[in-house]
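Hi,

Here is the structure I promised to pass on. Have a look at it first, and my notes follow below.

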Amino acid sequence: MKAATKTNLKLASLVLGMFCFGFALVPIYDVFCEITGLNGKVSGPTITEYDENFNSREIKILFVTKNNENMAWNFTSEKRILDAETGTAYTVDYTFENPTDYPMVAQAIPSVSPGKGAQYFHKTECFCFEEQLLQPGEKLTMPVRFIIDPDLPSDVPVLTLGYTLFDITESHIKLQASN
Amino acid sequence: MSAVIDSHSDDHHHGPAKGITRWLYTTNHKDIGTLYLWFSFLMLFLGGAMAMVIRAELFEPGSQIVSPEFYNQMLTNHGLIMVFGAVMPAFVGLANWIIPMQIGAPDMALPRMNNLSFWILPVAFGILISTFFMEGGGPNFGWTFYAPLSTTYAPPTVTFFIFAVHIMGASSIMGSINIITTILNMRAPGMTFMKMPLFTWTWLITAYLLIAVMPVLAGAVTMMLMDIHFGTSFFNAAGGGDPVLFQHIFWFFGHPEVYIMILPAFGIVSHIIETFSRKPIFGYTSMVYAIASIAILSFIVWAHHMFTVGMPIAGELFFMYTTMLIAIPTGVKVFNWLSTMFKGSISFETPMLFSIAFVALFTIGGLSGLMLAIAPADFQYHDTYFVVAHFHYVLVPGAIFGIIAGVYYWLPKWTGNMYDEVLGKTHFWMSFISVNITFFPMHFVGLAGMPRRIPDYALQFADFNMVISIGAFIFGLTQLLFLFVILKSIFAGKQATTEVWEGAKGLEWTVASPAPYHTFETPPEVK
């Protein structure tokens, strides 16, 4: 093979490789955020076994609910603030109501701040694990069950659990149409 | 075999074809270089006209001339056209003209691909500009096209924008493969890597940067396309995606991209300073290593563009320190240029004037870059006119002055005629003064808190903005003089000698002026 052809092939494969790398950045980014707890991404429904004699401590938990723009639902949590202890399981109810006159699908996206506390926020059950379909005027109450890890760093006195509710009716219809 | 050689040598007697087909079908590196340069010049005036609209709107506070929607389109396309249409093709044009002559090669390694990579550029920009005449108008989300501005809230024409970017990327990638293959395989016998002229060196490294990051940009716009049309959620939080991811991918491309726009200028300025100081460049080896270090560092500093997105302190510190590290190789280059001039027998022809201005003003842009690199301070400067001042100092008196200097330096070799020195110097002084009137006050309004990308501003910024606009109008008009100087040199002027500049080093100064259509068919011997 001519030297120039060899160089060309090498460079072309570099181009292809970097195009794939661009897409590989998507999972890399997710994994990176999960490991570091950046972006308030929580580690999911892990149930951790704790030592009998862990030191529990008091912690304040704030609950924030927010609608993404153009989202018409009423979305509230039963509590705004909770004085909790680490290592104990709690349940908080959230209410969804679709006041429009057509069925809608919604997805709640959680975020815990400060980011460094996110990995210690273990949810065992959450409405955010699935999509919600509500008929016109329908109302629904769903729980979040969670445990705060006793290993939570002592310089985090307050954790905020925020949910943003997104209207995904349109992409839902698109997906169903393509299936 | 002999038949092949015969038919090949027949070609030279023909010379270039006549009429428009010469330009459409050409595979000659000099013709393609000329096409690239004229195209980028056209784009410079188009992007410049958009800058004039922006500055006219900002001449006084309040809504003056254009609607905010149209202002956003001007702003976005000014950035896109200057980056992808003016600066990058100008450098590729210079590379096409000069690299084969500097390394003693008869042409580029892949002449037909060379033709293709030029001719898809007008197509790409035709598509981009056509969006202005469609419903919804052109791109209006800033040249960085952050999602969701460019996905959820984009005008419907964004799909045309995406395809235009894909085509520009394909053109850059093909051009880069061509340049690397030429440099690696077609150097004259005896020209080792460490004997290669610095412009060739900077382009070799720039081409690698382009190959590494243009595909990532293609990936980013492909993800946008899928989010918009195919229901994916790469950048849409409702579907599990993340808009911040877009910024990471964009700046992974974007930071090497800003070095792509300056490294070849480093090469040009190095040649000019050694020629007009009548001394060999000081610290050639350190120059090469400095370019390579800057290129490598450019891959690990991208998030300094996004200090305010909410990174953890460790991330802020990492990107802050690596960014500051870049000042070291850049400083090496600046001191090498100064040392080359030190005790040199300097004469101040137009290319040298532009190069000295480059060193001084690029350093100002570099220093404001260091200020922006300080993460805690960046929270104050972020998205203000201070940032606008910073990147215009490195791009206008940086990249563009580098290109202009290169054009003046090699123009006699291209046209065979010397340019008009008086007009050239007038062009320089008008540009030098007006560029500073335009961009220096931007530092002040930025530090005082004027945000970038707005069609209106608070009253306390009014005086400085009027000064900025006046400077911008003078700078814009002055570039018409540049066009005149070039045209005059094509049609008239003192006959240039082979060497053109007293004591100029390099193989390109050993061929006749104007350079014959085919050069170095027999490779020269480099000692």
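Let me start with a helix pair: B:Ile404, B:Leu411 and B:Thr415 in helix 15 of chain B meet B:Phe482, B:Ile486, B:Ser489 and B:Ile490 in helix 17 of chain B. Contact here is when C-beta atoms, placed from the backbone, lie within 7 Å, and helices are DSSP runs (H or I, at least four residues), numbered from the N terminus. By class, this contact has five nonpolar, two polar and no charged residues (Ala, Val, Leu, Ile, Met, Phe, Trp, Tyr, Cys and Pro count as nonpolar, Asp, Glu, Lys and Arg as charged, and the others, Gly among them, as polar).

Do bear in mind that this is a predicted model: local features need pLDDT of at least 70 and side-chain atom pairs pLDDT 80 or more, while totals for chains, interfaces and linings use all residues. Residues are numbered from 1 along each chain as its sequence is written, with chains lettered from A and ligands numbered from 1 in the order in which they are written.

Back to the pair: helix 15 of chain B passes helix 17 of chain B in a right-handed crossing (the near helix is turned clockwise from the far one by less than a right angle).

As for the whole chain, chain B has 17 helices and zero strands. Its C-alpha trace spans about 65 × 55 × 45 Å along the principal axes.

Chain B also touches chain A, with 25 residues of chain B in contact with 28 of chain A. Helix 7 of chain B gives the largest share of chain B's side, seven residues.

Cheers

Definitions and conventions: Contact = placed C-beta atoms within 7 Å. Helix = DSSP H or I, 4+ residues; strand = E, 2+ residues; numbered from the N terminus.
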